[in-house]
Amino acid sequence: MIKCPHCNHELNDGARFCSQCGKNLERASESNNKARRSWLPIITPVILLVVMGVALYFVYDYQKDINHEVAAMKKEAEEVALKGEYREAEKLLVGAINHRPEVEALQNELNHVQEALSWENELEAVGQLIEDGSLEEANKELSAIQEALRKENSRLLVTLVPKMNELDSKLTLKEVNQELSKITDVDELAAKLDTLSHLNLEEASKVREKIYEKIINQSTKKAEAAAGEKRYTEAIATIDQGLQYVSNDKKLIQLKERIQQEKEAFEQAEQQRLESAMQQAAKDELRNETQALEVVDLSITKDEFGDYKVSGELKSVATQIISKVTVKYDILNKDGKAVRSEAVKVFPNYLNPKDLGNFEKMHYELEEGEYSVEISEMEWLVE
């Protein structure tokens, strides 16, 4: 079906004249074709301009989207880099550069991130040295990195400071842990506690506990040794020193109580011994002054010439040295009457406790008869 261009009446396909208005349909068609051909030179450039405009719009819109995407990638890269996630930042910046390779700022950012990655690798190597126990080398490398980063003026490198501080703490922790086996002095052990006081690592608490345990063991060992030698005051002072750092330790508190009890018992026993010694000393002094000598032998004999000899032997029962012993004796006749009194020195001049001393004296003037001898007095000096 077609429509008449003149009256819009619907006609069958192939009709030449309109059954409604009678107009010639072929002439109308030719007229329309001519009109269409007359507008074509004008319409074509317009269409081209529209197409070019639309294309430019889509290109501009596409480029604008890429710019937005690159800017977002750059911003995200900066954020993750400042968090220390350098690998992710590098990945984002490489993607941004693929979109905008001509942007120099992106390449500069990438260089900074890659520099931070390089330093991070250096720090990881230091961490491995610490784990391996190569502490001297680790300390040297870490100090060199810290010195190098101080000279850098990069906001990004500041993000490595926490990592360096953590490694420094681990290094300090390892050094302290190695030194503990050589330290036996409680004050030196306490100094290591001060060294660990600024460390927040989980391992630091374990080393602190190890130091506390060693302080307790060393204090106990030294206190027990001193108490075993009756140096109770020193033992208690040793425990008090340990309790300064582990004030609530039951082991040390109980040990202190036991040593205090031993000290009191010892002091009481010492007092008793002292009193007993004083009593014994008084007895000994009295004995030394009054009963220092014991007569072992005493006799008077007559020789072939008719002369009489008085001899004797004494034993020192004193507790000190005595000297200048003099024996006074009486010679008695058969009736028991003293016919002569004499004094004689004892040899040797000094007698130690339990030593024996001798004396003798000749008497030429005695008449023939039976005699006996009797000691009347003994004198001596207590040294």
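Two strands pair if DSSP finds at least two bridges between them. With that in hand, the strands of this predicted model can be read, and then its helices.

Strand E3 covers residues 293-302 and strand E4 covers residues 308-316; the two pair in the antiparallel sense over nine bridges. Val295 has Leu314 of E4 as its bridge partner, and Asp297 has Glu313 of E4. Between E3 and E4 the hairpin has five residues, and within the hairpin Gly306 takes a positive phi near 90°.

As background, strands of a sheet pair through backbone hydrogen bonds, either parallel or antiparallel. In a regular strand, side chains alternate between the two faces of the sheet.

Helix H2 is formed by residues 86-99 and helix H3 by residues 104-132; their axes come within 9 Å and cross at roughly 155°. Angles over 145 degrees count as roughly antiparallel, and that makes H2 roughly antiparallel to H3. The crossing in which H2 passes H3 is left-handed. On the H2 side, the residues that meet H3 are Tyr86, Arg87, Ala89, Glu90, Leu93, Val94, Ala96 and Ile97. They face residues of H3 including Leu106, Leu110, Val113 and Leu117. Sorted by class, the contact of H2 with H3 has eleven nonpolar, three polar and four charged residues.

From H4, the residues in the contact are Leu135, Ala138, Asn139, Leu142, Ile145, Gln146 and Leu149. From H5 they are Met164, Leu167, Asp168, Leu171, Lys174, Glu175 and Gln178. The residues of this contact divide into eight nonpolar, three polar and three charged.

H5 also has a contact with helix H6 (residues 186-196). The axes of H5 and H6 come within 10 Å and cross at roughly 170°, and the two helices are therefore roughly antiparallel to each other. Thr172, Leu173, Val176 and Glu179 of H5 make this contact with Lys192, Thr195 and Leu196 of H6. By class, the contact of H5 with H6 has three nonpolar, two polar and two charged residues.

Inside H5 there is a pair of charged side chains to look at. Glu166 and Lys170 meet in a salt bridge, at 3.6 Å from N to O. Both residues lie in H5, four residues apart, which is about one turn of the helix. The count of salt bridges in the model comes to 18. In general, side chains of opposite charge can pair when their charged atoms come close.

Most residues other than glycine have a negative phi, and most peptide bonds are trans. Which residue other than glycine has a positive phi near 65°? That residue is Lys230, and Lys230 lies in the loop between helix H7 (202-228) and helix H8 (232-243). Pro348 lies between strand E6 (338-345) and strand E7 (350-351).

Terms used. Residues numbered from 1 in each chain as written. Predicted model: local features only at pLDDT ≥ 70, side-chain atom pairs only at ≥ 80, totals over all residues. Heavy atoms only, no water. Contact = heavy atoms within 4.5 Å. Nonpolar A, V, L, I, M, F, W, Y, C, P; charged D, E, K, R; others polar. Salt bridge = Lys/Arg side-chain N within 4 Å of Asp/Glu carboxyl O. Axes fitted to C-alpha atoms, helices over the stretch in contact; angles between N-to-C directions. Parallel < 35°, antiparallel > 145°, perpendicular 65-115°, else oblique. Left-handed = near helix turned anticlockwise from the far one by under 90°.
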